[in-house]
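Here are my notes for you, written as numbered points. Keep the structure open while you read, and look up each residue as it comes along.

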Amino acid sequence: MTDATLFGLCAAVLIGLGLFGLIVHPQPLRKILAFNVVGSGVFLLLGAIARRGAGSGFGGDPVPQALLITGIVVAFSATALAVALLLRLHDVAGSVTLSSDAPKVVPDAGDH
Amino acid sequence: MTEFLFGAATVVLIMVAVGLMRILRGPGDADRLMAVNLLGTGGIATLLLLGAAVGIDSVVDVALTLALLAAFATIAFVKASTPSSPDDSKPEQQP
Amino acid sequence: MTLLLTVGIAALIVALAIWTIVARDTMAAVIGFATFGLILTLAWVRLFGVDIALTEAAIGGGLTGALLIGAAAHLRKTEIAAHADRVGMSTRICAALLSASVTVVLVFCVLALPDPAPTLASQVAANIAVTEVGNPITAVLLAFRAMDTMLEAIVLVFALIGVWSLAPDNAWGGRPGLRHSADPNGILAYLARVLPPIGIIVGLYIFWVGADHPGGKFQGATIIAAMWLLVIMAGLADAPPISRKWLRIGLAGGPLAFIAVGAYGAFAAGAFLAYPVGFAKPLIIVIELALMPTLALVLALMLLGAPQRAIK
Amino acid sequence: MSARDIFSMAAIAAGAIFFLAGTVGLLRFPDTFTRLHALTKSDNLGLGLVVMGLLPQVDSVLAGLKLIAVWLIVLLGSAGTSQLIARAARKRDLDA
């Protein structure tokens, strides 16, 4: 079995694991974490595909590899935005629960 | 030589893995922070050995990046997990 | 032996991912995720993607880890409440079944990938000489698919605007994040004085070798951003107010320069972002130099978050 | 096999042994501080020996200098951060 196949299989497991975490965790921060695990799995899958495309003296297909760099940076910016939203929700609502029947919390003045 | 380098990389990686599993279980944050520290050192050693084995010179650049960012991440973690540090909740007193 | 190492890396990645998902304590899960990012770096080297390894080492482990740990510390008080609304067993089983089936489908896809694999490597090799750049990744990022990179830079700036827009009204235009303080003679302040000069040199070096070897503006900018954050975390300097003119110019400068070079291409070479013959490398350097400060600023400010201290 | 290969192998093997010692210490030592001690001491020495072993294998002065720089940065970073970790752990012990 080649390295590319092995990491491809590893990526499949990561995507499954992340998806599971995304569904079962009630806390938004854990969902963000799980989403990042899914993202890493997708990146690893694309990386394995890039490795299979090695040729012309390159260790991997440079086009998907370049896309991966773009992807990792954009994933970071999406995570940062999600975290900022979450922290603002926490400041305004005093809790971060997503459940619809949560007890109403008196809004603690987020704007000090 | 190549085979030896691969072997050494594998051995160090296994050491790191065993240590990681022990540490991640805690009990305290300090033990978990050591996991990041352990990885900073052991991971870089594995990386350098792997790079030498495959013959990619620029792996040293990756190791440089990893060394700096691992130190940065550990500091961020320590700052975040010491609750009594004054940066946690107090709004700034601007002069 | 080589296969054993690959299996070891893959197994460790999966183990850390499981830890990240199942750990009870969010803080522990985040630490697991950061180490997960560091081990992924090894996987990228194994897959001959040294450029990606650099990006993962800088962003995946370092910056994302620091961002999430800050959030986890901030939300620690909500942990206990969150344990109360755990999902039921039936949902868990459904989720496990769904995830397992997704994994199984993907496994079949991986095993059924066409052989020989489709690749654009030969086309990159045939055309790379025109760009006068030695690193194929840089050639793809800034010549063949420069539009992607331009939009990415714009997305980053937009994401930062999104983060800032979450500021309370009375804090708008102020300094992002919280004021950090630390013992000025302590070990943290010492590290924040010694590491940044080294880090800035390493960052600029990695930026500069990006033309011909793995490296480039993203990785270099991330290291410089981390060093700036280190100084801020040690309380040696405060984050600048987001209304500062130099800051705004620095943020808009990179994407604007990129668009200007693209427009010049439309005028001089007949297509947006086309480079006139012989000018490819100088124009690429112009874009990289303009993007570097923008990226360093965006990455650092995104980690600091929205302004939240009221302006007096 | 040349003399420089033998030197490399010896140094790298010694480095691996230090990593082993660090891990054993981590598994066997009773509390945070002794574990921290085992980790930082032996791992930094382990990395130093690995770097020393790899030095004869590089083909340019710059690459050698970068290798040494990696070790120095790790040394500086882990010396500083292990102090911070120990301090945080001690504060927690005192509070508890």
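How far apart do the closest C-alpha atoms of chain A and chain D lie? They are 21 Å apart, and no contact joins the two chains, where contact means heavy atoms within 4.5 Å.

1. Ground rules before anything else: this is a predicted model, in which local features need pLDDT of at least 70 and side-chain atom pairs count only at pLDDT 80 or more, while totals for chains, interfaces and linings use all residues. Residues are numbered from 1 along each chain as its sequence is written, chains are lettered from A and ligands numbered from 1 in the order in which they are written, and side-chain values use heavy atoms, with hydrogens and water left out.

2. Who touches whom? Chain A and chain B do not touch, and their nearest C-alpha atoms are 9 Å apart. Four pairs of chains do touch, and among these the pair of A and C has the most contacts.

3. Now have a look at chain D. It has three helices and zero strands, and its elements run α-α-α from the N terminus on. (Helices are DSSP runs of H or I with at least four residues, strands are runs of E with at least two, and both are numbered from the N terminus.) The C-alpha trace of chain D spans about 55 × 25 × 10 Å along its principal axes. Its radius of gyration is 16 Å, whereas a compact globule of 96 residues would have one near 12 Å. That radius is taken over C-alpha atoms, and the globule rule is 2.2 Å times the number of residues to the power 0.38.

4. Staying with chain D, 48% of its 96 residues count as buried. Buried means under 20% relative accessible area, exposed means over 50%, and partly exposed is in between, using a 1.4 Å probe and protein chains only. Of the contacts in chain D with a separation of 6 or more, 66% come from residues 24 or more positions apart.

5. Chain B also deserves a look: there are three helices and zero strands here, in the order α-α-α from the N terminus on. Of the 95 residues of chain B, 74% count as buried. Among its contacts between residues at least 6 apart in sequence, 47% join residues at least 24 apart.

6. Find Asp57(B) in the loop between α2 (29-54) and α3 of chain B. Is this residue buried or exposed? With a relative accessibility of 54%, Asp57(B) counts as exposed. Its C-alpha atom is 16 Å from that of Met1(B), which sits 56 residues away along the chain.

7. The axes of α3 (residues 59-81) of chain B and α9 (residues 187-209) of chain C come within 10 Å and cross at roughly 145°. Axes are lines fitted to C-alpha atoms, for helices over the stretch in contact, and the angles run from 0 to 180 degrees between N-to-C directions. Residues that meet there include Leu64(B) and Leu68(B) on one side and Leu191(C) and Leu195(C) on the other.

8. Lys66(D) sits in helix α3 (residues 61-95) of chain D. It counts as buried because its relative accessibility is 13%. Leaving out residues up to four places away in sequence, Lys66(D) touches Val60(B), Asp61(B), Leu64(B) and Tyr205(C).

9. In chain C, helix α2 (residues 26-46) has 21 residues and should span 30 Å at 1.5 Å a residue, which agrees with its end C-alpha atoms being 30 Å apart. The expected span is 1.5 Å times one less than the number of residues. All this helix's residues, 21 of the 21, are buried, so α2(C) is largely enclosed by the rest of the structure.

10. Finally, some backbone details in chain C. Just after α2(C), Phe48(C) takes a positive phi of about 60°, and this residue is partly exposed, with a relative accessible area of 26%. Leu273(C) has a positive phi of about 70° although it is not a glycine, and it counts as buried at 9% relative accessibility. The peptide bond from Asp115(C) to Pro116(C) is cis, with omega near 0°; Pro116(C) lies in the loop between α5 (89-111) and α6 (121-131).
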